[in-house]
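Subject: Structure for your files

Hello,

Here is the structure I said I would pass on. My notes on it follow below.

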Amino acid sequence: MNYLADVRALTRKDLLLELRARDTLPAMLIFVVATFVVFHFALPAGSSRLAASGLLWVAIVFTALLGLGRAFVPEREQHVLDGLVLAPCDRSAIWLAKSLATLAFLVVAEAVALPVFALFFHGLRGSTVAGVALADLGICTVGTFVGAMAVVTRARDLLLPLLFLPLAIPIVIGGVGASVVSDPGRYLGFLGLYDAVFALLCWAAFEYVVTE
Amino acid sequence: MIAARGVGKRYGEKRALRGVDLELPDGGFAVVTGANGSGKTTLLRVCAGLALPSEGELVVDVQRAQVGYLAHDPLVYRELSALENLDLYGRLYRVPERRERIGMLLERFGLWEARAERVSSYSRGMTQRLALCRTLLHDPALLILDEPYAALDTQGAELLDAQFAELHGERTILVSTHDPARIDSLATVRVALAA
Amino acid sequence: MGRTYRISLPGLAASSLVLVTLALALIFFVAPTDADQGFSQRIFYFHVSIAFTAYLCFGLGAWKALVHLWKRDPNADLESYVAIHQGVIFGSLVLLTGSIWAKISWGHWWLWSENQLVLFLVLFLFYAAYFMLRFSVDPGPQRANLSAVYALFGVILIPISFLAIRLAQHFIHPIVFTRDGPQFGGWILATYIVSQLAILVLAYTLYRLELSGKWLDLRLRELRATAA
């Protein structure tokens, strides 16, 4: 139970930091709505449901990227991450806490984005929302992990999208499939598989990202 | 507590540390001196467990939870208050009677008044004093301090002197410094690094 | 620094030469012409062999990455890097040969309906990022760790992406270009086996060649540093 206590303490810290800074979440909200407006003009008249659903997923991935890019900024400054790594807690707790905090922000952003999407384009199916929920898990676990990797490099913000997007392709496929197909079960199942496999990999491997 | 034989550290081709021997028994006080770039910080990082030696043997006979490390950077969140920072570390290090200990340390290092303000508003001396609080919070058996006097103001330096006097012999201490004269009287082991 | 191998590099080079020549001879002169696609179908002997080899290279890269993380073997990081480098080279060739086949057979340089091709595109992007990552970190244990972890992610991504791409075909509704697989019998099977073996040996030769070059380079730099 010590592990959970550590995760809780760290997640609280991350949520607290965002509450103080109040920059990431508003930025994500504005970004996602602006993206929808751009999509409206980018889509030709009479576009299929598939096209609009596809664009929803593009918006989600890039909004998430915006948030993920900010995730490790407090630790990057002045190497605060060293302080966490020195602590006796399991290093994977650092990753898990950060993922949960990022997930919280992404969910809040989507709580606004999805209704707006339903308003601007066509309605929203239950399977789409389920897809978004499952995809969020994958995006946050993998994205946070890869964000930690990007933060120690010279290229930093440049590198995060490059590392993240190839890994996000299966998520987008699963999500779009769940949004448009008549029996979305397979796609939702696939998203669940992705989440399970990559969460396990991230959990096991994070130790090596922050230590020598 | 620390036994190092021929310890070296390389980052790719760059050599940061070359063939260091160090024998620090429990309760000892080691002072590491050397010019800039001679590897003082690297040696301390390796002893703290933040880096692995590329060569040589190193035995540090103590668990991670028992090590207190003061780095060049204060390792505190600037957007949180002193209290919040220490509370986080207190939880992670499972410090017993966390609140009391935090209060005691903040008071001892003259930060009680500023405890609820964000670290970003602190002076450099205050931040370094907070870093000292963080280092001492869990009452570590092994204290590793990287040039602790460098960022301290006079008040902080005196407090640190008092702390050293109190802990001498009770805890194992490894300090790197540019100004060995100040703590030379306490040293039981001396290491001089060549660039 | 570096390992001692049982099979020498010149021996490997000679074997590759022999096998590749044999494979080419079989592909162009012995294997029967495909009824549907004619001469262009021969590119498949390359295409499939190269694809399988690329998967193996990525697998080797991931295996060496695991060895690095787990056993702290000092050679493993460079071996992982070189294996992945070979994988990317052969992966690019998959994209190239696949594209050529598509153009010859269907008149398009790219086909989204070809699962293997799309998979290699995703993998190419992933491993391109691997190189960006590697070159954005200074040499040292951290770079080795990050590369190793990313290599492991890559090898897990292969089956997951493949599954995803297959699922994607259901809603993208491509114009499905059916390809009747060759009947695996007689000379076709023999030609395929020889081609596969040839490409595998060639890949391993290049792997060993690049590795020895890199070890030499490192050794020279180290000697220079000690002499200075």
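**Two helices in chain C**

H2(C) and H5(C) are oblique to each other. This rests on a predicted model. The axes of H2 (residues 43-71) and H5 (residues 141-172) of chain C cross at roughly 135° and come within 8 Å. The crossing of H2(C) past H5(C) is left-handed.

On the H2(C) side, the residues that meet H5(C) are C:Tyr55, C:Phe58, C:Gly59, C:Gly61, C:Ala62, C:Ala65, C:Leu66, C:His68 and C:Leu69. H5(C) contributes C:Ala144, C:Asn145, C:Ala148, C:Ala151, C:Leu152, C:Gly154, C:Val155 and C:Ile158. Sorted by class, this contact holds 12 nonpolar and 5 polar residues, and no charged ones.

An α-helix has 3.6 residues a turn, so residues three or four places apart point the same way. The numbering of the contact residues can be read with that in mind.

**Strands in chain B**

Strand E3 of chain B (residues 29-34) runs parallel to strand E7 of chain B (residues 172-176), and 4 bridges join them. B:Val31 has B:Val175 of E7(B) opposite. E3(B) also pairs with strand E8 of chain B (residues 189-193), again in the parallel sense, over 5 bridges. Here B:Val32 has B:Val191 of E8(B) as its bridge partner.

**A buried helix in chain B**

Helix H1 of chain B (residues 40-48) has 8 of its 9 residues buried, so it is largely enclosed by the rest of the structure. The buried residues are B:Lys40, B:Thr42, B:Leu43, B:Leu44, B:Arg45, B:Val46, B:Cys47 and B:Ala48. After H1(B) comes B:Gly49, with a positive phi near 100°.

**Where chain B touches chain A**

How many residues does each chain bring to the contact between A and B? Chain B brings 23 residues and chain A brings 21 residues. On the chain B side, strand E5 (67-70) and helix H2 (82-92) each supply at least two residues. H2(B) gives the largest share of that side, with 5 residues. By class, the chain B side has 17 nonpolar and 6 charged residues, and no polar ones.

Regards

Notes: Residues are numbered from 1 along each chain as its sequence is written. Chains are lettered from A and ligands numbered from 1 in the order in which they are written. This is a predicted model: local features need pLDDT of at least 70, side-chain atom pairs count only at pLDDT 80 or more; totals for chains, interfaces and linings use all residues. Two residues are in contact if their C-beta atoms, placed from the backbone, lie within 7 Å. Ala, Val, Leu, Ile, Met, Phe, Trp, Tyr, Cys and Pro count as nonpolar, Asp, Glu, Lys and Arg as charged, and the others, Gly among them, as polar. Axes are lines fitted to C-alpha atoms, for helices over the stretch in contact, and angles run from 0 to 180 degrees between N-to-C directions. Angles under 35 degrees count as roughly parallel, over 145 as roughly antiparallel, 65 to 115 as roughly perpendicular and the rest as oblique. A crossing is left-handed if the near helix is turned anticlockwise from the far one by less than a right angle, and right-handed if clockwise. Two strands pair if DSSP finds at least two bridges between them. A residue is buried if 20 or more other C-beta atoms lie within 10 Å of its own, exposed if 12 or fewer, and partly exposed in between; C-beta atoms are placed from the backbone.
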